[in-house]
Amino acid sequence: MSAQHTAADELEVWIDQELCTGDGICAQYAPEVFELDIDGLAYVKPPVAAGEEADLLTEPGASAPVPLPLLRDVVESAKDCPGDCIHVRRVADGTEVYGPDAD
């Protein structure tokens, strides 16, 4: 029996650049999701097909979907971030499930 992926399971991640320290730990854990920009701060990027380059989402509060195979790396990034600036929330209701505002 296989588990079905539902909309309630979908997660997104965003970074509060005002708190970002630019350490790059997130980009080391999940380079497919996080990248440091020229300003030295981390930003998220959306999933793209293999061989394609993703554009950084540099608007304040911009979020990107968390691909299920990368969930562990994204969660570890949020846990180890020295700036406590990585937020992972459920798309369905906006509840933060990992990050500084998670219960």
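Is Asp93 buried, partly exposed or exposed? In this predicted model, Asp93 has a relative accessible area of 46%. That makes Asp93 partly exposed. Its side chain meets that of Arg90 in a salt bridge, at 2.9 Å from N to O. Arg90 is also partly exposed, with 28% relative accessibility.

This pair is one of four salt bridges. Another joins Arg89 to Glu12. Their closest N and O atoms are 2.6 Å apart. Arg89 sits in strand β5, and Glu12 in strand β1. The bridge links distant parts of the chain, 77 residues apart. Glu12 is buried, because a relative accessible area of 17% falls under the 20% cut-off.

Glu35 and Lys45 form a further salt bridge, 2.8 Å from N to O. Glu35 belongs to strand β2, residues 34–36, while Lys45 lies in the loop between β3 and β4, so the bridge ties together parts ten residues apart in sequence. Glu35 is partly exposed at 27%. Lys45 is buried at 10%.

The largest nonpolar core has 19 residues. Val13, Ile15, Val33, Phe34, Val74 and Ile86 touch the most other members. At least two core residues come from each of β1 (11–15), β3 (42–44), α2 (71–80) and β5 (86–90). Strand β1 gives the most, with three.

Ile86 shows how separate stretches meet. Beyond its neighbours within four places in sequence, Ile86 is in contact with Val13, Trp14 and Ile15, among others. Its other contacts include Cys26, Phe34, Ser77, Ala78 and Cys81. Tyr98, Gly99 and Pro100 also contact Ile86.

Conventions. Residues numbered from 1 in each chain as written. Predicted model: local features only at pLDDT ≥ 70, side-chain atom pairs only at ≥ 80, totals over all residues. Heavy atoms only, no water. Core = buried A, V, L, I, M, F, W, Y, C linked by side-chain atoms within 4.5 Å. Buried < 20%, exposed > 50% of the residue type's maximum accessible area, 1.4 Å probe, protein only. Helix = DSSP H or I, 4+ residues; strand = E, 2+ residues; numbered from the N terminus. Contact = heavy atoms within 4.5 Å.
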